[in-house]
Amino acid sequence: MTTEEIRNAVISAAHDAGDELNRLAGNLAAAEASLAAQRSTIADLSDYLADALARIAELEGPQPARVLLGMATEAARWDERVALTGPVAARRVFQPTWSISGLIAKVKECLADGLVPVASIKPIPNGGTVADWAGVARGDWDSRFVDLGKALAALDVPLYFSVHHEPRGGGVDTPAELVPWARCLARALPIVKREAPKVMVGTIDNGHPWGEKWGTLTDAQLAVYYIPDLLAACDFLGGDFYDGATATNPGEPAHVKMTNFAAWAKRVGHDGPLLAGEWNYITGDDCRDTWPVLNAGPWAVACLFNSDDNNRSDLPASIGGTWSLKPDTDRLAAFRELLALAAH
């Protein structure tokens, strides 16, 4: 080959090599881009997997308690009330006489409807009309509470139970009256609990001692009733919280008393659930403002008092003179909103 031919052959080979290098460089760039995309995808998948694992751990872990909303109303009108409000999760069960069989029958009816019972029996079993509080504290009526506990245990289901709800205003107001009553409950509740360990026992007090407008009781004043033995006997602490308004006096929303009650329960070291055995409100917004209080915990159950029975005769005309919810009112709409929130 001539020198010129050799030079041309070298140049051609160099061009071919350059083209091959360019092709390889292009392939390498494409591979690097693909690898970068894959790394980005892997990073995204890793983040997604971490989020999914965290969510699984959250779901498998302890869940925050959500308050059960229930209702208290006339037995004969239960279906009518529920048709108006929508389904509730709990039912207030009250036996006004010392009849264990009567109480159990009402609880069974509640359970048959798939509802959580919040039950109480009012008088002390002394066979008379005057409560023998000192006798209960001495143990004179222990056998009656044993029978009651065994009857509740036979149901073999969890429920909330109290003896003699709303004691204040019924002859239990002064320290001289509150002390024996507290001792009475401190003896009776553990007997029921011993016989029926699935039953949650506690107190359902009046709500007004925690009202600001009428003078919140001090912790020292409350301690006259909530003696250490009574607090130790209670799985839950509860109250009946009403607005307190009448035709002539301004009221105070129930959620104010509920808030103060929860703060007091925390101060005295109660670490169990709280109950609103009954509650109600004057305006729909009063009801709506109750939800953040109840949902903050540790409220377990709150039963709306939705009844025409056992009402004060001087309730405000703005609510129709009765605590019951009426169709096409904002009071009804507000409670339905709370039921929807509690269901999710």
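Select leucine 152 to begin. Setting aside neighbours within four places in sequence, leucine 152 is in contact with Ile104, Leu159, Phe161, Val192, Ala196 and Val199. Keep in mind that this is a predicted model.

**Stop 1: the cores.** Leu152 belongs to the largest nonpolar core, which has 70 residues. Colour Leu152, Phe161, Leu230, Trp279 and Trp299 next; these have the most contacts inside that core. Then show helix H6, residues 175–195. H6 gives the most to this core, with 10 residues. In soluble globular proteins, nonpolar side chains tend to be buried together.

**Stop 2: the whole protein.** Zoom out. The secondary structure comes to 11 helices and eight strands. Of the 344 residues, 42% count as buried. Now think about contacts with a separation of 6 or more: 73% of them join residues 24 or more positions apart.

**Stop 3: helix H5.** Select residues 142–155, which form helix H5, and pick out alanine 151. Is alanine 151 buried or partly exposed? Alanine 151 counts as partly exposed because its relative accessibility is 21%, and buried means under 20%. Beyond its neighbours within four places in sequence, alanine 151 is in contact with Ile100 and Ile104.

Stop 4: Go to aspartate 156, in the loop between H5 and strand E4 (159–163). Its phi is positive, about 60°, although aspartate 156 is not a glycine. Move on to histidine 164, in the loop between E4 and H6. Histidine 164 also has a positive phi, about 55°, and is not a glycine. Histidine 164 counts as buried because its relative accessible area is 13%, and the cut-off for buried is under 20%. Most residues other than glycine have a negative phi, and most peptide bonds are trans.

**Stop 5: a cis bond.** Select glycine 297 and proline 298. The peptide bond from glycine 297 to proline 298 is cis, with omega near 0°. Proline 298 sits in the loop between helix H10 (284–295) and E8.

**Stop 6: threonine 322.** Follow E8 (299–305) towards helix H11 (330–342); threonine 322 lies in the loop between them. Threonine 322 is buried, with a relative accessible area of 8%. Which side chain makes a polar contact with the side chain of threonine 322? That of aspartate 308, at 2.7 Å. The backbone nitrogen of serine 324 lies 3.3 Å from a polar atom of the threonine 322 side chain. Neighbours within four places in sequence aside, threonine 322 is in contact with Ser307, Asp308, Asn311, Leu315 and Arg331.

**Stop 7: the largest pocket.** Finish with a surface view. The largest pocket holds about 1000 Å³ of space. Select Glu166, Tyr242, Glu278, Phe305 and Asn310; of the 34 lining residues, these lie nearest the pocket centre. Strand E2 (90–95) and helix H3 (100–112) are the elements that give two or more residues to the lining. E2 gives the largest share, four residues. Colour the lining by class: 11 residues are nonpolar, 11 polar and 12 charged.

How values were computed:
Residues are numbered from 1 along each chain as its sequence is written. This is a predicted model: local features need pLDDT of at least 70, side-chain atom pairs count only at pLDDT 80 or more; totals for chains, interfaces and linings use all residues. Side-chain values use heavy atoms; hydrogens and water are left out. Buried means under 20% relative accessible area, exposed over 50%, partly exposed in between (1.4 Å probe, protein chains only). A polar contact is a pair of N or O atoms within 3.5 Å; within protein, one must be able to donate a hydrogen and the other to accept it, and residues adjacent in sequence count only if both atoms are side-chain atoms. Contact means heavy atoms within 4.5 Å. On a 1 Å grid over the protein atoms alone, a cavity is a set of points where a 1.4 Å probe fits but cannot get out, and a pocket is an open set with protein on both sides within 12 Å along at least five of seven lines; lining residues have an atom within 4 Å of a point. Grid points are joined across faces, edges and corners, and a volume is the space filled by probe spheres set on the points. Ala, Val, Leu, Ile, Met, Phe, Trp, Tyr, Cys and Pro count as nonpolar, Asp, Glu, Lys and Arg as charged, and the others, Gly among them, as polar. A nonpolar core is a set of buried Ala, Val, Leu, Ile, Met, Phe, Trp, Tyr and Cys residues joined through side-chain atoms within 4.5 Å.
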